[in-house]
Amino acid sequence: MASHNSLPFCAMLPLLLSIFSSMAAIASGNFYRDFDITWGDGRGKILNNGDLLTLSLDKASGSGFQSKNEYMFGKIDMQLKLVPGNSAGTVTAYYLSSKGSTWDEIDFEFLGNLSGDPYILHTNVFSQGKGNREQQFYLWFDPTADFHTYSILWNPQRIMFSVDGTPIREFKNLESNGVPFPKNQPMRIYSSLWNADDWATRGGLVKTDWTQAPFTASYRNFNADACIWSNGASSCNSNSPSTSNGWLSQQLDTTSQERLQWVQKNYMIYNYCTDNKRFPQGLPPECSIS
Ligand SMILES: *[C@@H]1O[C@H](CO)[C@@H](O)[C@H](O)[C@H]1NC(C)=O
């Protein structure tokens, strides 16, 4: 009688793969579970059982979404594929923000451009209602050709912006030098696609070409290793055994420092910290410390 040997590994592979991919789907979030489309009258859509979200913009309206959860610190990743072709005049904003008149905010904004001309990735950090901390970059790839990962690491010591794992900007906690740092207000994730042709492309010179509408940006693979804030308490303070929060004290290692310098040297096109004309009374204090 033939022995009931276990199946050869290659025969089990499809099963294993389907188990792993369903695990990955759970780990990487679901737009139905994690987000609400908040405006745009049907122009924002959740598709593929919650794996994909798209925002669109036409002459009548843009669209936007926000996270159901509020967070107080986290490492938050999202993959975005930006409006392709002639996207001049359009802005895709993706950011964390708290509420109220002394709000905190951590911003990625993607400024569209004519076909073949580079997008600008605009970043800013607001603490207690005060921003004016813009840094702008070109990217080292075409952000409309495929999905790329845009990450915000926010912990009590620093805010780090990364693109495909490469840090592009660090904002350190310099409260001891009198610079307010966002750490007392929970933030939600927001994103929107809107028309900003009065300033976005070449400072407003290039207008949105509405014959190209609707414009569409896509999102997938959201992942938040984060502390969820609800009813005045953080999920990270509960004694849940599953919290391994390495990101809560993460800093830049030597390799990341080098990558950051590479980006800042080769791709940074604006830095408020070198804009002496804008700050005739002197550059903001964080500029001379970091
Ligand atoms: C658009 O392309 C022009 C020409 O290359 C460039 O100067 C500009 O920085 C690009 N980006 C935006 C958003 O204007």
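Which residues have the most contacts inside the largest nonpolar core?

**Entry 1: the model.** I noted that this is a predicted model, in which local features need pLDDT of at least 70, side-chain atom pairs count only at pLDDT 80 or more, and totals for chains, interfaces and linings use all residues. Residues are numbered from 1 along each chain as its sequence is written.

**Entry 2: the core.** I looked up the largest nonpolar core, which has 49 residues. Such a core is a set of buried Ala, Val, Leu, Ile, Met, Phe, Trp, Tyr and Cys residues joined through C-beta atoms within 7 Å. Tyr71, Met78, Leu80, Phe110, Ile152, Trp154 and Ile159 have the most contacts inside it. Strand β14 supplies the largest share of this core, 7 residues. A residue counts as buried if 20 or more other C-beta atoms, placed from the backbone, lie within 10 Å of its own. Buried residues make up 31% of the 290 residues in the protein.

**Entry 3: tyrosine 71.** I listed the contacts of tyrosine 71 (C-beta atoms, placed from the backbone, within 7 Å), leaving aside its neighbours within four places in sequence. They are Pro186, Met187, Ala224, Ala226, Cys227, Ile228 and Trp229.

Entry 4: Two strands pair if DSSP finds at least two bridges between them. Strand β5 (residues 70–81) pairs with β14 (residues 215–230) in the antiparallel sense over 9 bridges, and lysine 81 stands opposite serine 218 in β14. The strand β5 is also joined to β10 (residues 148–155) by 7 bridges, again antiparallel. There, glutamine 79 has threonine 149 of β10 as its bridge partner.

**Entry 5: an open sheet.** I traced 8 strands that form an open, antiparallel sheet in the order β1-β4-β13-β6-β7-β8-β9-β16. Its edge strands, β1 (35–39) and β16 (268–271), each pair on one side only. Between β1 and β4 (residues 63–67) I found 4 bridges, and isoleucine 37 has phenylalanine 65 in β4 as its bridge partner.

**Entry 6: the ligand.** Which residues surround the ligand? I found Leu111, Asn113, Asp117, Pro118, Ile120, Ala200, Thr201 and Arg202, where a residue is near if its C-beta atom, placed from the backbone, lies within 6 Å. By class, this shell has 4 nonpolar, 2 polar and 2 charged residues.

Conventions: Nonpolar A, V, L, I, M, F, W, Y, C, P; charged D, E, K, R; others polar. Helix = DSSP H or I, 4+ residues; strand = E, 2+ residues; numbered from the N terminus. Buried ≥ 20, exposed ≤ 12 C-beta atoms within 10 Å, placed from the backbone. Contact = placed C-beta atoms within 7 Å.
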